[in-house]
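The following note sets out numbered points on the model shown below.

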Protein chains: 2
Amino acid sequence: MNGAQSVMQTLLDSGVEVCFANPGTSEMHFVAALDTVPRMRGVLGLFEGVVTGAADGYARVAGKPAVALLHLGPGLANGYANLHNARRAATPVVDLVGDHATYHQRYDTPLNTDIRSIAGTLRGWVRCSQSSAGAGADAAAATAAAQDPPGRVATLILPADVSWNEGGRVAEPVPLSSPSPVGDATVAEIASVLRGGEPALLLIGGAACHEAGLRAVGRITAATGVRVLLETWPARLEAGAGLPAFERLAYANEKAVRQLAGISHLVLAGAKAPVSFFAYPGIRSEQAPENAETHVLADTANDVVAALEALAEIVAPRGGPALTETAGRELPSGRLTGRNWAEVIGALLPEGAIVSDESMTSGFFNLQGVLAAAPRHDLLTLTGGAIGQGLPVAVGAAIGAPDRPVVGLQADGAAMYTIQALWTQARESLDVTTVLLNNRAYAVLRWELENVGARTSGSRAGRLFDLSEPDLDFVRISEGLGVPAARATTAEELAREFARAVAEPGPHLIEAVLS
Amino acid sequence: MNGAQSVMQTLLDSGVEVCFANPGTSEMHFVAALDTVPRMRGVLGLFEGVVTGAADGYARVAGKPAVALLHLGPGLANGYANLHNARRAATPVVDLVGDHATYHQRYDTPLNTDIRSIAGTLRGWVRCSQSSAGAGADAAAATAAAQDPPGRVATLILPADVSWNEGGRVAEPVPLSSPSPVGDATVAEIASVLRGGEPALLLIGGAACHEAGLRAVGRITAATGVRVLLETWPARLEAGAGLPAFERLAYANEKAVRQLAGISHLVLAGAKAPVSFFAYPGIRSEQAPENAETHVLADTANDVVAALEALAEIVAPRGGPALTETAGRELPSGRLTGRNWAEVIGALLPEGAIVSDESMTSGFFNLQGVLAAAPRHDLLTLTGGAIGQGLPVAVGAAIGAPDRPVVGLQADGAAMYTIQALWTQARESLDVTTVLLNNRAYAVLRWELENVGARTSGSRAGRLFDLSEPDLDFVRISEGLGVPAARATTAEELAREFARAVAEPGPHLIEAVLS
């Protein structure tokens with residue numbers, strides 16, 4: 001058994017069943033090992049950003065890591081943006097990067113790169129395998145490190161000779177750590193804050209955005225009146241009818257500051273203290289009122305759900321949460337706008353859908369409210385702000401949950417970063433319906449230009465935010481990549497095409513042209 | 001004047017006239033400065049790999065740097081692969097990366113990244129501007145550093161507040177360094193090696209691949225009989241009828257070893273010692289015979305052309321080089337194959353073309369021989385091995401040399417890494433004809449799989465090299481991105497479509513389906 005085969009088998013024994021890959025020569029023995037470890041599923045992406053984003057989406061849904069197989073430093077760099085998003089989502093990802101043979105690296109041939117330093121900036125776990133005999137153990141360690149609470153990117157660098165040399169040994173899985181419990185004293189202190197009568201706000205994130213956490217928070221707010229916000233970018237938010245619904249902290253700084261205004265106590269449960277996404281001239285970065293006191297019920301490595309349930313037992317021993325109901329499914333009509341498209345999706349969203357949301361400004365108006373009243377679903381958001389995440393995450397989600405429909409809500413500009421993902425959707429016959437919101441602009445930048453106080457006389461700077469001249473034709477692009485596509489310019493057309501797409505197996509794209 | 005405006009004006013004063021950009025919120029003031037410094041041309045790329053590859057292609061042709069404007073760490077990472085290629089090409093590129101405001105970085109908001117460490121792995125020049133008053137001087141220093149012989153990637157990190165604060169000062173251009181001269185003793189020593197009668201080989205690279213260097217080498221070999229090879233991946237090779245033609249050192253290790261076999265002396269002139277691109281089990285990495293003595297006439301930072309001319313003056317004071325002539329323009333016929341497509345291009349290549357070559361295995365058979373006998377042209381190659389370079393480099397070349405036709409020879413798999421480049425070709429109405437060689441595979445990996453001695457039973461591993469299921473339809477993809485496209489399946493169709501495309505202004509794509 002060579003080193004590559006031992007790594008492949010160890011990964012499988014450790015619960016890793018999917019290898020998203022864009023390999024090169026240095027990874028050939030690892031690829032060949034797919035034929036000797038047949039339970040590992042290999043999924044090709046035509047660009048590394050697809051591979052890493054898919055690994056992120058897979059793990060958010062499946063609750064366990066996949067491997068992202070990358071080719072040396074340039075492959076890692078191409079996949080970096082979505083590893084960055086995975087890092088911010090605290091998603092467990094095993095990132096396997098092939099390298100030149102150990103004895104070859106000193107020649108600094110063209111593809112030679114400092115993989116370790118690039119991977120190090122992801123602030124996760126990095127190891128370079130030194131021998132075929134040890135590579136299996138390194139793979140087991142990487143898999144466990146990726147899942148060390150709350151989850152991280154674990155990069156295993158595998159030199160070509162470590163892969164091809166014989167002497168590989170399959171390693172036992174490394175036992176996984178549990179999230180650390182929150183002490184009773186902390187829970188009791190937060191309970192007294194909430195009962196103290198001063199205006200308080202509970203900001204929740206991470207695992208608290210899943211059903212058990214939401215139900216506990218629902219009980220807490222019903223009993224104490226504490227205001228609740230979700231973190232701006234949950235990795236996975238369970239939402240829709242039958243669950244308690246809470247607003248998310250706004251991306252727009254002004255709105256976030258208004259959401260937090262007037263509180264005396266800010267309680268963090270699996271979320272970080274709220275800070276403006278970008279800095280703006282003359283504006284504070286911190287969003288909570290200056291005189292508000294911050295309390296930490298649980299940080300991201302804690303068992304936040306258990307802490308919330310313990311808190312609920314104190315403040316609401318018998319109370320239940322308020323639950324949302326499915327709103328009437330009224331379909332809008334007329335030309336598609338930044339507002340009514342979301343109403344169409346909300347009305348027709350299939351039960352149990354996984355929604356990969358990279359709708360950007362097109363989702364600003366009312367997507368959140370619409371989804372809260374939609375059937376039960378999981379929402380995956382753009383956790384790290386590096387656009388080009390939505391289409392790949394949808395790939396991974398569809399592979400991680402093959403029995404659930406996946407809906408991608410995708411802005412035009414962001415789609416173009418990793419448009420190659422559509423091809424993988426076609427090859428793997430994934431049940432993904434992408435709604436491509438085409439407003440022919442990086443609309444977020446037009447909006448941010450004003451926020452940062454930049455003045456332009458218009459045309460030359462503005463041309464860098466404009467995506468017309470020429471218009472992107474996403475129907476042709478999608479068809480060229482193997483995904484059947486249609487165009488909608490009215491709400492009626494979007495409703496018809498969306499209903500048809502979700503009813504048919506396999507991938508579809510609907511270009512929603514917004515007026 | 002704010003910091004951003006001072007940077008923009010300083011860059012322009014230092015000779016930088018084009019800003020390839022994919023900006024975000026942190027770069028808004030720099031973008032706005034385009035309206036106050038109107039001579040700077042802003043060119044939008046829909047993905048950062050387009051932006052950095054275009055900056056590389058521009059500088060290879062224009063002989064001076066452009067700016068690549070990127071958004072924080074994820075933007076730098078997305079552009080990294082083509083910066084890596086630029087580094088290996090020794091291309092001067094000013095890579096301007098926006099960052100969060102200095103006071104905002106400590107909050108580690110979602111897009112916060114260790115830009116300096118990522119940029120550091122490019123082994124060029126990195127500086128983070130600390131004040132609006134100093135940013136102009138930083139920009140002047142970056143521009144000079146990029147051009148320090150032989151050329152490099154200079155990364156200037158520009159925090160948002162440094163951009164937006166007033167007090168910017170335009171800086172004077174920093175005088176550029178010249179390549180260091182080679183001493184007379186070195187030249188004389190090489191002359192005696194070449195005259196010594198032992199078998200010798202001259203391996204040339206860098207500026208030696210331009211006309212003056214080639215002519216000097218042509219004189220040297222005509223007088224001494226020394227064998228000559230060009231480095232495998234020249235950044236820019238001047239070639240075609242009327243110039244001396246030399247073989248390139250092969251990418252395939254076996255062939256390279258054969259090319260170098262039997263020599264007693266290896267003389268390096270602007271090229272690195274030949275080493276196998278990848279390592280292969282049981283095979284030496286170094287390609288020259290073990291007993292060959294290596295001599296360095298000029299390293300990459302030396303004035304290699306002056307050194308070669310001095311050498312020619314000693315060994316061939318009156319001799320001229322042998323020059324190639326345009327071969328008969330016989331057009332092949334029948335179904336397109338990996339061999340005959342190149343003959344079509346060679347026969348119809350327009351005079352003075354710039355050829356961006358990322359044809360990969362499709363160019364293995366006879367592209368080099370065909371181009372040597374074609375009309376005079378410049379050839380830009382994949383210097384760093386990170387695929388996804390060809391289409392962006394063609395963008396930059398077309399902007400750097402607006403009066404010359406640009407021809408892109410592009411493999412299918414590599415095209416998909418930065419396919420977004422076609423949109424920029426359309427927006428800027430660039431005179432680029434892309435011949436998209438579709439063999440429905442990562443053919444290089446099938447070939448390398450054998451070279452590295454990996455055995456597969458076939459289907460599961462092989463699926464990761466296969467680009468069919470579904471077939472990519474590059475005609476639709478290209479049209480979706482705004483570039484008119486046609487398909488050719490025979491040599492006659494390719495000849496007709498290629499002739500039509502180069503005769504019409506603006507971009508065109510021809511999908512050449514290889515049997």
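A residue is called buried when its relative accessible area is under 20%, exposed when it is over 50%, and partly exposed in between. The model under review is predicted.

1. Domain layout of chain A. The assignment divides chain A into domain 1 (3–164), domain 2 (184–315) and domain 3 (340–513). Between domain 2 of chain A and domain 3 of chain A, the C-alpha centres are 29 Å apart.

2. Contact between domain 2 and domain 3 of chain A. On each side of this pair, 20 residues of domain 2 of chain A meet 20 residues of domain 3 of chain A. The two domains bury about 1,700 Å² between them, and 54% of this area is on carbon and sulfur atoms. Within domain 2 of chain A, the residues that lose the most area to domain 3 of chain A are Trp233(A), Arg248(A) and Tyr280(A), which together account for 28% of what that side buries.

3. On the side of domain 2 of chain A that touches domain 3 of chain A, the largest share comes from strand 9 (residues 237–239) of chain A, with three residues. By class, that side has 15 nonpolar, one polar and four charged residues.

4. A salt-bridge network in chain A. Arg236(A) and Asp378(A) form a salt bridge in which the closest N and O atoms are 3.0 Å apart. Both residues belong to a network of salt bridges that links Glu211(A), Arg215(A), Arg236(A), Glu238(A), Arg376(A), Asp378(A) and Arg404(A). Over all chains, the structure holds 55 salt bridges.

5. Extent of the interface between chain A and chain B. Here 104 residues of chain A are in contact with 105 residues of chain B. The buried area is about 8,500 Å², and carbon and sulfur atoms give 62% of it. Arg427(A), Arg460(A) and Leu464(A) supply 9% of the area that chain A buries against chain B, more than any other three residues.

6. Composition of the chain A side. The interface of chain A and chain B has 14 salt bridges and 53 residue pairs in polar contact. Elements that give two or more residues to the side of chain A that touches chain B include helix 4 (72–89), helix 16 (421–427) and helix 19 (474–480) of chain A. Helix 4 of chain A gives the most, with nine residues. The residues of this side divide into 51 nonpolar, 31 polar and 22 charged.

7. Arg476(A). This residue is placed in helix 19 of chain A and counts as partly exposed because its relative accessibility is 35%. Leaving aside residues up to four places away in sequence, Arg476(A) touches Arg476(B), Ile477(B), Glu479(B) and Gly480(B).

8. Arg463(B) and Glu428(A). Side chains of opposite charge can pair when their charged atoms come close. Arg463(B) and Glu428(A) meet in a salt bridge at 3.4 Å, N to O. The pair crosses between chains: Arg463(B) is in the loop between helix 18 (459–462) and helix 19 (474–480) of chain B, and Glu428(A) is in the loop between helix 16 and strand 15 (432–438) of chain A. Arg463(B) is partly exposed because its relative accessible area is 30%, whereas Glu428(A), with a relative accessible area of 13%, is buried.

9. Asp466(B) and its partners. Asp466(B) forms a salt bridge with Arg427(A), with the closest N and O atoms 2.8 Å apart. The side chain of Asp466(B) also meets that of Arg446(B) in a salt bridge at 3.8 Å, N to O. Arg446(B) lies in helix 17 (residues 443–451) of chain B and Asp466(B) in the loop between helix 18 and helix 19 of chain B, so this pair ties together parts that are 20 residues apart in sequence. Arg446(B) is partly exposed at 41% relative accessibility, while Asp466(B) is buried at 12% relative accessible area.

10. Arg258(B) and Glu254(B). These side chains form a salt bridge at 4.0 Å, N to O. The two residues are separated by about one helical turn because they are four residues apart in helix 10 (residues 253–260) of chain B. Both Arg258(B) and Glu254(B) are exposed.

Key
Residues are numbered from 1 along each chain as its sequence is written. Chains are lettered from A and ligands numbered from 1 in the order in which they are written. This is a predicted model: local features need pLDDT of at least 70, side-chain atom pairs count only at pLDDT 80 or more; totals for chains, interfaces and linings use all residues. Side-chain values use heavy atoms; hydrogens and water are left out. Domain bounds come from an automatic or database domain assignment. Contact means heavy atoms within 4.5 Å. Buried area is the accessible area (1.4 Å probe) that two parts lose on being put together, summed over both. Ala, Val, Leu, Ile, Met, Phe, Trp, Tyr, Cys and Pro count as nonpolar, Asp, Glu, Lys and Arg as charged, and the others, Gly among them, as polar. A polar contact is a pair of N or O atoms within 3.5 Å; within protein, one must be able to donate a hydrogen and the other to accept it, and residues adjacent in sequence count only if both atoms are side-chain atoms. Buried means under 20% relative accessible area, exposed over 50%, partly exposed in between (1.4 Å probe, protein chains only).
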